Amino acid sequence: AGGFGKAVYEEAQARLWHDRSQLGEHIKQVIDTFNEAVASIQKEKAKLESDLKNADLKLLVLYEELLTLNELEEKDDALLRKAKKCREDKTGVMHQIKECQDQLGDKKAEIEQWHSEEQNLQSEFMELVGENSPYLGALLKIYKKKVKRTKRKKGDEEDLDEDEDEEEEESDMDEDEDDDDDMDDDAGPPPGCDVQSFESVIDLREKRLDMEDALQEIQRAVEELKKTHKKLLDDEKRIDKEQKQTDSEIQQFQTDKQRKLNQVEIVFALRLSQVQCLAQDGSSLERLPAELDSHVVFTIEGQQHLMSRITELHTEIREVKASHKQLQRDFKVRKKEKTQAALHIEDLNARFQDIQMLKFGQTVDLDLIERSAPDKYVQELRAKVSEAETDHRKKLSEWEKRIEKQKKELAKVTCDNTSLMEQIVSMGYSQMQLDAALNARIANVTVNDNEPLIELREIERERMKDWLAVQSKEIATLQAEINLFRKKGGHIYTTVTANRAVQGR
């Protein structure tokens, strides 16, 4: 019994030890899990705190940038409004310039139309009067005459005053012509002129004056449009200048704004692994210094580059010292050579002076002689000038020959025209004799029946009219040639001179 109880006791004790070990392992596992969870939470907390701190720092930077932008916002808005106003003004001025150019084009078309109508009116006048009419000069003077007229439509008093002032100015400028024309109007149509033709000419003159008034109105409108167009162009130049100045101000302002934004201090985080600025304190441990104001931040690559640069600088210093020593040696050698060359030059100058004194008895400036001697370029220019003179002399002689030939032809043509004038004079005398014979024949002939006589007279009159028309055309042509030769010089006997010579005989 005692052995059985002892075995049960040992079994129970072993079971308890097993349970105890199991519970210890479980507790240890729970504690490790808890520690791992706490460590993970601490790591996440540190990360969140770092992100929050970075966000706070970034928020501070953004807030400072916002304050800077708020300070510059008023000026920025003012510049934008100014630029917008310049663009709107430029658009408005361009529309006005286009409208003004269109109006000028319309006015020019109207002026051309009025000129064509005036030419049509002139041709109508010539058809009415006739080119060979003896009253052409008088009717043309009446047609071209400027007269005072009242407006057909009543306007404002200011318009009437302006018209009266313009009429007074025109009357002051052409006072003599107006007086003569008034006398002509008072006298009525020229003697022998048809009254209907005269009234038609007066109507044409009224139409012409209406056209001139319309053209004056158009010209005034064109002048106003030109002034407006010039003013708009000046405004456009001014607006372009203002817009360019505004753009430069905006560019300068943006540059200043960016500069101020770049001056805002920013904060960034560094990992401990990136920092290698460990200093030994009182103990043998290396720790980060309390303050980093006297330290510079750079990368490891930069540190390695600086360390390698130290070695390169030592090498460059040694090379520069060696090069400096070599240059000093070369300088001494060159200095000796320069001294020797100066002594040699002095010897040569002394010999040169002695040779000049022996040859010329005085010192001669060779540089002056070389400058005074003609160089190759001057000789080439002189050769070109001589060739050009030769060519011009040849051309001048050719033109002189042509002038002599033309003078001979002119003398020949003058002789031919003189003979033609003599023929005209003889034909004039023949015409006078024929007229006298015809008048005598008509006076001596008496016929009981008047109808044949009247018919013969009409036939003879028509024949004489045709012949006189042909003669008048030939006379006009010859008179034009005579006037042409009078302008060229020389004396030509006219019909009046020939008639006087005949009467003297």
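I take a salt bridge to be a side-chain nitrogen of Lys or Arg within 4 Å of a carboxyl oxygen of Asp or Glu. I note that this is a predicted model, in which local features need pLDDT of at least 70, side-chain atom pairs count only at pLDDT 80 or more, and totals for chains, interfaces and linings use all residues. Residues are numbered from 1 along each chain as its sequence is written, and side-chain values use heavy atoms, with hydrogens and water left out.

**Entry 1: salt bridges.** I looked up Glu 316 and found a salt bridge with Arg 309, with the closest N and O atoms 3.3 Å apart. Glu 316 is partly exposed at 35% relative accessible area, and Arg 309 is partly exposed at 31%. For this I use buried for under 20% relative accessible area, exposed for over 50%, and partly exposed for in between (1.4 Å probe, protein chains only). By the salt-bridge rule the count is 13.

**Entry 2: helix 8.** I read helices as DSSP runs (H or I, at least four residues), numbered from the N terminus. Glu 389 and Arg 393 lie 4 residues apart in helix 8 (residues 376–444), about one turn of the helix. They form a salt bridge, their closest N and O atoms being 3.7 Å apart. Glu 389 is partly exposed at 39%, whereas Arg 393 is exposed at 54%.

**Entry 3: Lys 257.** I located Lys 257 in helix 5 (residues 195–262). Lys 257 is buried, at 14% relative accessible area. Leaving aside neighbours within four places in sequence, I found Lys 257 in contact (heavy atoms within 4.5 Å) with Leu 69, Leu 72 and Asp 76.

Note on methods. Helix = DSSP H or I, 4+ residues; strand = E, 2+ residues; numbered from the N terminus.
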